[in-house]
Each structure stands twice: as structure tokens, then as C-alpha cells.
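Subject: Structure handover

Hello,

I am passing this structure on to you. Please have it open while you read the notes below.

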Amino acid sequence: MADPTESTSKSSSDLGLKLAYVLGLILVVIGMLNTLPAIPGLQGLVDSITGVEGLTFRRFPYEYLFPLSFVIMMATVALNHSLWRASAKSGAVRRGFGLFLDVALVVMAITMALSYLIEIDSVCLIDRLNGSRAEMIAAALQDEIAFAEMMGLPAPTSVDDPSCVTNLGVWIFLAIGLAVTVFLAYNVYVWGLPLVMVAIIIAAYTMLTIAIWYFYGADDMNRYWVTILGGEPRQLIDGRPNVEDILVNSAQGLLGRFMGILLNTVFPYIVLGSLFGVSAGGKSLIKMSFILTRRLRGGPAHAAIISSALFGTISGGPVVNVLSTGVLTIPMMLKRGFNRVFAGGVEAAASSGGQIMPPVMGVAAFVLATMTAVPYSQVIIAALIPAAAYFGALFVTVVFQARKQGIEAQGELPADMKLTRLDYLHLVMIFVPILLILFLLITPKEAIGCGPITDFFGAVSIETADGCRNESLPWFFQVVQNSAGDSGSAGWWAAAVLMVLFFLDKEIRQHPRKLLDALADAGILVSTLYLMFLAVSVIDFCLNLTGLSAYIARDVTFALNDFGGAIGENGLFLFVALVAAMLLAILLGMGMPTVPAYLNVALLLGPLLSGLGISIFTAHMFVFYFAVASAITPPVAVAAFAAASITRADPMMTGFSAVRSGIVMFVIPFIFAFYPELLLIDAAQLVPGSTSEYLPGYDGTIDWLSLGWLAARLSLALYLLGSVLAGFDFKRLGLAESIARLAAALLLVMAWPMIYGAGIVLTVLIFLLHTRAARAVTA
């Protein structure tokens, strides 16, 4: 299997890689222009330069942007991951098959792009070329005008897009079928069989249910075994609208919402991450983290947690994070005396946690925001407490391990850990873009322009009954206002600022090619990501076509009702359902990146979880966390295996160590499923399917006193759990004390005062006995 994240921008004599490099740069130019924020006066400047009024140079129409970008992406993938090139030392048959698959990927991409333009009503390519579309629009407009005159209404000036008259007809079945086959086959090569296997199984199930309908009909058939495409007589042509939907639907289509997510929101962040990879900021982050933690027992292990959290929120990839920071932090941990298995495990756990660390949490978090229709700025807020709990627990785990191994704080700062002027420059390059993203995401548009600062610069505002309203704003504040609250614009400005800051670095000034290399790598990565999204799209439209996930949700809910009521009324049933979802998320996520691991379970189980008494957003956050956790979960713990390649320890033992260190990743989703107030946003408290009705016991507000009390109990419970997994606190824990600590931790997170009160009493008793025994041991 090829490495999907392989960098190809290094110097190479291979023509294919050079072409991939160029196409990657072209895609970045298109993507960055498309996400260019609204800048006052820029449209007029472009019009005056080009002499064309209203020329579109940003936010391109999706019906043209998507197919063009798709062809560029697939051509880039075929050139970058060429199966023909990879099989150069193989036999003629295998190499010929590789060439065939490379060509087939590009040909089917072009075919799908042209089919999209032919079938989508806003283009109707063939009708447009033969002139019939203009005639249809004119005729439809005349009919609308005549109707308006008859009814005494204002005459319309436009009409809705008419349906395409000339289309692919029945050939669309063959085109879509061949395209899906080629896309899945190339996914097996680039991303591996586990990711594609789910898509293959779902697609095979869909084809089987369609065949059952076609040959046997729907009468007396179980709904799980039949997909009805039309009426009687049964003809496949009746299913043409559904197949056309697979192509042009903006939600479930092959060129639908996932293309929109990549090109309209995520694109600048992928560019930003690639740019960060060029800088030497990773080492500077580690130095800064070591300085902050050198007086703690954990020393370099704590530094690894901080640097991995900061670097991970930029890179968003656990394996990339491990290989970037782990090569420096793991040797430091080993030098201080931490054993190899623990050092690899804590690095893997910290690096995986970068995907839940605000403000930039990786591609999966942006997908989550789109899937739940919750603004990304709200997703950041929702992630705050869980992320704090996770990295706080990692810190405590390191403390336990340091006590266990008798490791003391170093105190002194080694010469190679002192920050130089160049390090400070690198830290500026890291923190300025991150702070800029944070500022733009959390600042509402209405907050720009009202206040003494903007007044000082000449802003004119009026106080009204509804608040402050801007009458005029200086140009700079107009730019800020246009970008505030928009995740795509925030990422764009951060990438633009970083490119400017790069030229403060002498190394970049001497080798500006590095900047181009980073941009080309970003374009190649986006292309490879969309190949993966094609496999997920197959799952998406197949589930939509068959209704499988809705059937599962309804039947499970009814079955649980038969056993004693809805899950919203029974915590035990909710717990059982969440455990099942956890196991499925980990199973489907083995060996996969976080995005498909999350999407596979969200598409399959999302309707079920949201129908069991928790909000849609909370259900997706639950699945998202376990998709992240799959990177450290044996037997296919990719982040742990990457760390083991550095420590030279047993990969499986490193995986189990990562689970022990990162246990909060497996615990905190259950906590916020029962206590959605921990997510801090309205969307976590809403009844599924409602925009205004709240879950029982909630009203959309946060009781900060109660939340603080819950957070304190949760912190204490996580401390107890971490000590049990480490087998150590101030001394080694016996079996009886470990059981007592687990019981106390469970009691502490219960909702009823009598129960968590008993947990507090038990915890106090445990600590008193433990500290007394520890003093006796050291006396």
C-alpha cells in the first residue's frame, strides 16, 4: 500500500512527480482564490485591471469549481501514487495493470466531471451547447410573465433552472458503476483495504437489495432486503433519478458536500499545516515546553505532552505528529529514565490528542461541524473541557510514572534546550497564525466596529434598542468584520500571514523553493484526501438509497422501548447503546485516518444515537472521540506503532501503554453523553431534530456553579482512574485499593448527591489510608 501522506515535492527526475507537483500548485491557487475573504475595494480593483465588470475571482460557482477541481485532484493522485511507477520492478502483467488503473482513474474522473456538467440543472452542458437551453429558459420566462400579468403580480425577471432535456439517459448507470469501481480500487492501493472494505460491503448490500426488488418485487419482503427504485412494472430505468442524484446531489453526491468541505472550509488549514511543516517550529515548541516543565518530575514527558498538543492542533494527524515531535521528545524521555514502552505510549497518546485540541483540530472536526450544521467556532468551544480533561489526565499519568520509577525533576536547563533568537522567530510563526484563527473564530461580526478602539480610528456607530449598529467602518475593520466568525476566512488569513512571516527566516529567504514545495504538498494532500472521501461518499449515498441506518435506528429504539422505555428515560440503555457505538467506532477505525473512521460510524449509527435521547451534536462528538482513539487502540494502533518505530519497543505493548495513558479518550465521551453541559453549547442540549426544544432538565443555559462542581468531581475521578492504571500513587497500589479507587471514581460521576457524596467520603478515606501507608514505607 502506498503512503497517502507521502511528500512528493522533493527534487526528482520523475516526470510524473513533477507533473503532480505542478498540478498541486495549480490546485492550491484555485483553492486559495476560492476561499479568499471579502476584501473591500478588491472587486473594483480587479475590474479596473481586467476591464471586465464583475469578474468572478473568488467563491467560484460550485457547479464549475467542483468538476474542474475533481479532475485536477484525480490526475494529481494518479501521477503522485502511480501504480505503474510503483510496479516498475514487477512483471509486465502487473505493470500493465498498474498503467491501466492509473489511466482509468483519470479517464473516469473526466467522465464524471463531464457527466456532472451534463446532468446538473444549473449547467445542462449539452443543452447549452446546442442552444436548446436558452430557448427553454426564454419560453419558461414568457410563461411566468404571462401568469404574473394574469394574476396582477410584478413581472419576474428570471426563472428556476429547467431540467436538462439532453442527458446521459441509461448510460448514466454504466458511467457511475465503472467510476465507483475504479475509485474504490484505487483507494485500496492508496489508503488500504480496511477503509474501502466498509464501502465495498455497503455497496454490495445495496446492489443485492436492488436485485431482489428487480427480480422478485417488494411484496412480503423484509425491508432490509429490498431497495425499491420504482413502481410496477419493475424497470431499472425507474431508478435513473436516484442514480442521477448520486452524481449531482450537493449532500450525498460524489461531487457533493465532501468536496464542498474540502474546497470551501478545510483547504486553507491544510495549506497552513503544510506551511508549518516547512518551518523548524516543532523543535522550538519542544524547547519552550521543556523550559516550562523542567522543574516537574515528568520533565521531558510533560514537554512531549505540551509540544504534541500544540503541534497536533496544527498538523491534525497523529502519525505525522509522532514522527515530528517524537523523534526529539522520546530520546529525551529515555535519557531521563522513562522506560521505552511508556515513553512511546505517552507520545502516541499526546500526539493523537492533537486532533481534539482547539483551535485547529484537523479535517475531521471541520467535517463534524458540517455534518451537524454547527458553526466551527461552536465546535471549538465544545472541545475545550474534554481537551483540558484529556491533557490534564496525561500530565497526571506522567507524574504517577515518574514516582513509580523514582524520577526526580531536573531543574537545570541543558545548553541545547535554551531558546535562541531563531527559536523565538519560529515561535512567533506558530503562535501568531493560531492566535489569529482563534480571534477571528470567536469574534462575532457585530462586535467589530462598536467600541473605543474603532471609534478612535474613525468608525461611526449608532446605539439602537437592539444594540450597536455600524454606519461606517475604516477599511481595516471592514476586512476584520467580513472575516469574523467564518472558519474558512480565518484559515486563509492565518496561511497568508504565515507566508509573509516566513520571509523573516533567513533559511526561507535563501531557499524560497521550500515555500513552493509546501504549497505543492498541500495540493497533493488535498487530492489524496478527496480520493478517500470518494469511498466515504459511496457509503453515504448507499445508506441514503437503502435507508439502512434509519431502519437500524428505528428497530433498535423500538426494541429498547419493549424492554422498558426510551433511552432518554433509562441511563442503562443509553450506556449499553454507547458501548456498542464505541466498539463499532474502534472496529471500523482500525488502521484508518480519523476522518473515515468518524464518518463510517456517524453515517451508520448517527441516526441511532440521536434517536436515543442525546442531541445530534453530542452523538457526533461521541463518535468523533472514538475515531480519534482508534489511532492508539490495539491491534492496529497506528500512532503507537509509529512511536514504537522510534523507541524500538514492542509495538503492541506500546499500544496498550498508549491506551492506559490516554484512557480519558475512552471515558470522557460517556461523561459528556450523560452531562451535555460539559460541551458548553446549546447544540449539545437540544432534542434531536429540534432547533429550540431542549432535553429534559436543560434550558440552553449553563449553571456555572453546578458545572464547576461536576468538573471537580470528574477531575477527582480521573485522578483515581489514572492511578489505578499506573498501579501507583505515592506507593504501589494493591488489588483491594485499586478496586476501591475504581468504585470511588464511578460513584463520583453519578448524578445523585447521595451517591456521589458516598464517593467523596470513600475517596477521602482512600487518600488518608494511602498517604499514611506511604509515609510508613518511606519512614
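Predicted model: local features only at pLDDT ≥ 70, side-chain atom pairs only at ≥ 80, totals over all residues.

**Confidence**

In the protein chain, helix H3 (residues 62-80) has the highest confidence, at a mean of 94, and helix H19 (residues 452-456) the lowest, at 58. The score is pLDDT, the predictor's confidence in each residue on a scale from 0 to 100. Helices here are DSSP runs of H or I with at least four residues, numbered from the N terminus. Over the protein chain the mean pLDDT is 82, and 92% of the residues reach 70 or more. Residues 5-13 stay under 50, and for this stretch the model has 16 contacts beyond four places in sequence; a contact means heavy atoms within 4.5 Å.

Residues are numbered from 1 along each chain as its sequence is written, and side-chain values use heavy atoms, with hydrogens and water left out.

**The disulfide**

There is one disulfide, defined as a pair of cysteine sulfur atoms within 2.5 Å. Its partners are cysteine 124 and cysteine 164, with an S to S distance of 1.9 Å. This pair links distant parts of the chain, 40 residues apart: cysteine 124 is in the loop between helix H5 (92-119) and helix H6 (125-130), and cysteine 164 is in the loop between helix H7 (132-151) and helix H8 (171-191). The angle about the S-S bond is -85°, and the link is left-handed. Cysteine 124 and cysteine 164 are both buried. Buried stands for under 20% relative accessible area, exposed for over 50%, and partly exposed for values in between (1.4 Å probe, protein chains only).

**Salt bridges**

The model has ten salt bridges. Each is a side-chain nitrogen of Lys or Arg within 4 Å of a carboxyl oxygen of Asp or Glu. Three of them are described here.

Arginine 59 pairs with aspartate 486, and the closest N and O atoms are 3.9 Å apart. Because arginine 59 is in the loop between helix H2 (42-50) and H3, and aspartate 486 in the loop between helix H20 (475-483) and helix H21 (487-502), the pair ties together parts that are 427 residues apart in sequence. Arginine 59 is partly exposed, at 33% relative accessible area, and aspartate 486 is partly exposed as well, at 28%.

Glutamate 119 and arginine 240 form a salt bridge with an N to O distance of 2.5 Å. Glutamate 119 belongs to helix H5 and arginine 240 to helix H10 (residues 240-248), and these distant parts of the chain are 121 residues apart. Glutamate 119 is buried, with 1% relative accessibility, and arginine 240 is buried, with 11%.

Aspartate 729 and arginine 741 meet at 3.1 Å, N to O. Aspartate 729 is buried at 1% relative accessibility, and arginine 741 is buried at 0%.

How many of the 34 residues of H23 are buried? The number is 28, so by the cut-off of under 20% relative accessible area H23 is mostly covered. The end C-alpha atoms of H23 are 50 Å apart, which agrees with the 50 Å that its 34 residues should span. The expected span is 1.5 Å times one less than the number of residues in the helix. After H23 comes glycine 547, with a positive phi near 75°.

Aspartate 540 is in helix H23 (residues 513-546) and is buried, with a relative accessible area of 5%. Its side chain makes a polar contact of 2.8 Å with the side chain of arginine 257. A polar contact is a pair of N or O atoms within 3.5 Å; within protein, one atom must be able to donate a hydrogen and the other to accept it, and residues adjacent in sequence count only if both atoms are side-chain atoms. Leaving out residues up to four places away in sequence, aspartate 540 touches Ala251, Gln252, Arg257, Phe258 and Leu603.

In helix H27 (residues 616-629), the end C-alpha atoms are 20 Å apart, in agreement with the 20 Å that 14 residues should span. H27 is largely enclosed by the rest of the structure, because 13 of its 14 residues are buried.

Regards

Conventions:
Helix = DSSP H or I, 4+ residues; strand = E, 2+ residues; numbered from the N terminus.
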